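Welcome! Have a look at the picture first, then try each task before reading on.

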Amino acid sequence: MGNLLAYLFGLLSLVIVIPSQIPFLGIGNWLALPFIAIGIIFGALSSSNGGRNFCLVILLIAAVRLTLGGGIF
């Protein structure tokens, strides 16, 4: 059940992160970070690692975009 919730939160955050790759829409990455964190937590509590890894990949995409755009550091 936790793996399914992790995938759902990951998909929700992916829907937010993809349009946020466009310049001037980077604020969406900040809005997606809480959903990604919740997905990682549910994935970590699950017996399977697929949902957690999916959320970690989305986190990597959002963090790279925020770093390039000056949102982190």
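Predicted model: local features only at pLDDT ≥ 70, side-chain atom pairs only at ≥ 80, totals over all residues.

**Exercise 1. A residue and its surroundings**

In which helix does Ile40 lie?

*Solution.* 
- Step 1: Find the element. Ile40 is part of helix α2.
- Step 2: Ile40 and Leu56 are 16 residues apart in sequence, and their C-alpha atoms are 7.0 Å apart.

**Exercise 2. How α2 meets α3**

Describe the packing of α2 and α3: what are the angle and the distance between their axes, and are they roughly parallel or antiparallel?

*Solution.* 
- Step 1: Recall what to look for. Two packed helices are described by the angle between their axes and by the distance between those axes.
- Step 2: Read off both values. For α2 and α3 the angle is about 155 degrees and the axes are 9 Å apart.
- Step 3: Classify the angle. Angles over 145 degrees count as roughly antiparallel, so α2 is roughly antiparallel to α3.
- Step 4: The crossing of α2 and α3 is left-handed.
- Step 5: Find the residues that meet. On the α2 side they include Trp30, Leu33, Ile36 and Ile40, and on the α3 side they include Cys55, Leu56, Leu59 and Arg65.
- Step 6: Sort them by class. The contact of α2 with α3 has 11 nonpolar, 3 polar and 2 charged residues.

**Exercise 3. Bringing in α1**

Now do likewise for α1: how does it pack against α2, and how does it pack against α3?

*Solution.* 
- Step 1: Start with α2. The axes of α1 and α2 are 8 Å apart, at an angle of about 170 degrees.
- Step 2: Draw the conclusion. This makes α1 roughly antiparallel to α2.
- Step 3: Look at the residues involved. Among those in α1 are Leu5, Phe9, Leu12 and Ile16, which belong to a contact with α2 residues including Ala32, Phe35, Ile38 and Phe42.
- Step 4: Count by class. The contact of α1 with α2 holds 11 nonpolar and 6 polar residues, and no charged ones.
- Step 5: Turn to α3. Helix α1, residues 2-17, packs against helix α3, residues 50-68, at an angle of about 20 degrees with the axes 8 Å apart.
- Step 6: Classify this angle too. It is under 35 degrees, so α1 and α3 are roughly parallel to each other.
- Step 7: Complete the picture. The crossing of α1 and α3 is left-handed, and their contact has 10 nonpolar, 5 polar and 1 charged residues.

**Exercise 4. Aromatic pairs**

How many aromatic pairs does the structure hold?

*Solution.* 
- Step 1: Count. There are 2 aromatic pairs.
- Step 2: Take Tyr7 and Phe54. Their ring centres are 5.7 Å apart and their planes are at 40 degrees, so this pair is tilted.
- Step 3: Tyr7 is in helix α1 and Phe54 in helix α3, so the pair ties together parts 47 residues apart in sequence.
- Step 4: Check their accessibility. Tyr7 is partly exposed at 35%, and Phe54 is partly exposed at 23%.
- Step 5: Take Phe9 and Phe42. This pair is stacked, with 5.8 Å from centre to centre and 20 degrees between the planes.
- Step 6: Phe9 lies in helix α1 and Phe42 in helix α2, 33 residues apart.

**Exercise 5. Arg65 and Phe24**

Is Arg65 buried or exposed, and is Phe24 buried or exposed?

*Solution.* 
- Step 1: Begin with Arg65. This residue lies in helix α3 and is buried, with a relative accessible area of 16%.
- Step 2: Look at the contacts. Beyond its neighbours within four places in sequence, Arg65 is in contact with residues including Ser20, Gln21, Phe24 and Asn29.
- Step 3: Move on to Phe24. Phe24 lies in the loop between α1 and α2, and at 85% relative accessibility Phe24 counts as exposed.
- Step 4: Check the backbone. Most residues other than glycine have a negative phi. Phe24 has a positive phi, near 75 degrees.

Definitions and conventions
Residues numbered from 1 in each chain as written. Heavy atoms only, no water. Axes fitted to C-alpha atoms, helices over the stretch in contact; angles between N-to-C directions. Helix = DSSP H or I, 4+ residues; strand = E, 2+ residues; numbered from the N terminus. Parallel < 35°, antiparallel > 145°, perpendicular 65-115°, else oblique. Left-handed = near helix turned anticlockwise from the far one by under 90°. Nonpolar A, V, L, I, M, F, W, Y, C, P; charged D, E, K, R; others polar. Phe/Tyr/Trp six-rings, centres within 6.5 Å; stacked < 30°, edge-to-face > 60°. Buried < 20%, exposed > 50% of the residue type's maximum accessible area, 1.4 Å probe, protein only. Contact = heavy atoms within 4.5 Å.
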